[in-house]
Amino acid sequence: MTGLHTDEEPDEEPDEEPAEHRRFACYLQALEAVAEADEADLVAAVVRDQDTTMADSAAGRHLDRRAADLLTGPAFTAWAWTMTEVIADRDFLTLRLREWTLLRTIALGEPWAAEDLTSASDWFQRMATTTQVVASPEALRLLAEHGRTRRVRNAASRQLQHRDQLN
């Protein structure tokens, strides 16, 4: 893991950017460029940062980017298993990865449970109603009726209307 040195921090000037902001930017840059073979080690290093909120945010952005890129492809499953082991003790990251897996399930037309959608986070429900990957009219109907927020219910309804106009 070359080029990621965050252990030592120079004395800060009063109006200098805080150290955690510099580490966050460094983490994002490293995660963007990491080789697939080194990804798990780098994510593990990021989540070990003493600032857990910042670390979860950096790792979460990476998970979102990678999951979106891999979502309907065959590499998603192995990647998700690997990431699950790396982030096992981080509730926010574990939930996010579980919800990406649910999005994949719906996108691929595999079986899903209504309770999984209705009990999912606001983030998941917004993703399910705004991404073009989720083409399940059943999922959209469920969220149009039982989405957690008016925004989700309206977005699901709009998606259904758009689908009806295309058919």
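**Rings and helices, one why at a time**

Modeller: Let's start in helix H4, residues 76-86: Phe-76 and Trp-79 both sit there, three residues apart, which is about one turn of the helix. Keep in mind that this is a predicted model.

Colleague: Okay, and how many aromatic pairs does the structure hold?

Modeller: Two. Phe-76 and Trp-79 form one of them, and that pair is tilted.

Colleague: Why can you say that the pair of Trp-100 and Trp-123 ties parts together?

Modeller: Trp-100 belongs to helix H5 (residues 91-107) and Trp-123 to helix H7 (residues 122-130), so the pair links parts 23 residues apart in sequence.

Colleague: How do you know that Trp-100 is buried?

Modeller: Its relative accessible area is 4%. Buried means under 20%, so Trp-100 qualifies. Trp-123 comes out at 15%, so Trp-123 is buried by that cut-off too.

Colleague: What sits over the ring of Trp-123?

Modeller: The charged end of Arg-96, 3.8 Å from the ring centre. The limit for that distance is 6 Å, so 3.8 Å is within it.

Colleague: Let's go to Ala-59. Is Ala-59 buried or exposed, and how do you know?

Modeller: Ala-59 has a relative accessible area of 1%, and the cut-off is under 20%, so Ala-59 is buried. Ala-59 lies in helix H3, residues 52-70. Apart from neighbours within four places in sequence, Ala-59 is in contact with Val-46, Val-47 and Leu-93.

Colleague: What about H7 and H9: why are they called roughly parallel?

Modeller: The axes of H7 and helix H9 (residues 150-166) cross at roughly 15° and come within 8 Å. Roughly parallel means an angle under 35 degrees, so H7 and H9 get that label. The crossing of H7 past H9 is left-handed.

Colleague: Which residues meet there?

Modeller: From H7 there are Gln-125, Arg-126, Thr-129 and Thr-130, and they meet Arg-151, Val-152, Ala-155, Ala-156 and Gln-159 in H9.

Colleague: How do the axes of H1 and H3 cross?

Modeller: At roughly 25°, coming within 10 Å; H1 covers residues 19-33. Since 25° is under 35 degrees, H1 is roughly parallel to H3. This crossing is right-handed. Among the residues making the contact are Phe-24, Tyr-27 and Leu-28 of H1, with Ala-58, Arg-61 and His-62 of H3.

Colleague: And how many helices and strands are there in the protein chain?

Modeller: Nine helices and zero strands. Of the 167 residues in the chain, 40% are buried. The C-alpha atoms fill a box of roughly 60 × 35 × 30 Å along the principal axes.

Technical notes:
Residues are numbered from 1 along each chain as its sequence is written. This is a predicted model: local features need pLDDT of at least 70, side-chain atom pairs count only at pLDDT 80 or more; totals for chains, interfaces and linings use all residues. Side-chain values use heavy atoms; hydrogens and water are left out. Rings of Phe, Tyr and Trp (its six-membered ring) pair if their centres lie within 6.5 Å; planes under 30 degrees apart count as stacked, over 60 as edge-to-face and the rest as tilted. Helices (H or I, at least four residues) and strands (E, at least two) are DSSP runs, numbered from the N terminus. Buried means under 20% relative accessible area, exposed over 50%, partly exposed in between (1.4 Å probe, protein chains only). A charge sits over a ring if NZ of Lys or CZ of Arg is within 6 Å of the ring centre and within 35 degrees of the ring normal. Contact means heavy atoms within 4.5 Å. Axes are lines fitted to C-alpha atoms, for helices over the stretch in contact, and angles run from 0 to 180 degrees between N-to-C directions. Angles under 35 degrees count as roughly parallel, over 145 as roughly antiparallel, 65 to 115 as roughly perpendicular and the rest as oblique. A crossing is left-handed if the near helix is turned anticlockwise from the far one by less than a right angle, and right-handed if clockwise.
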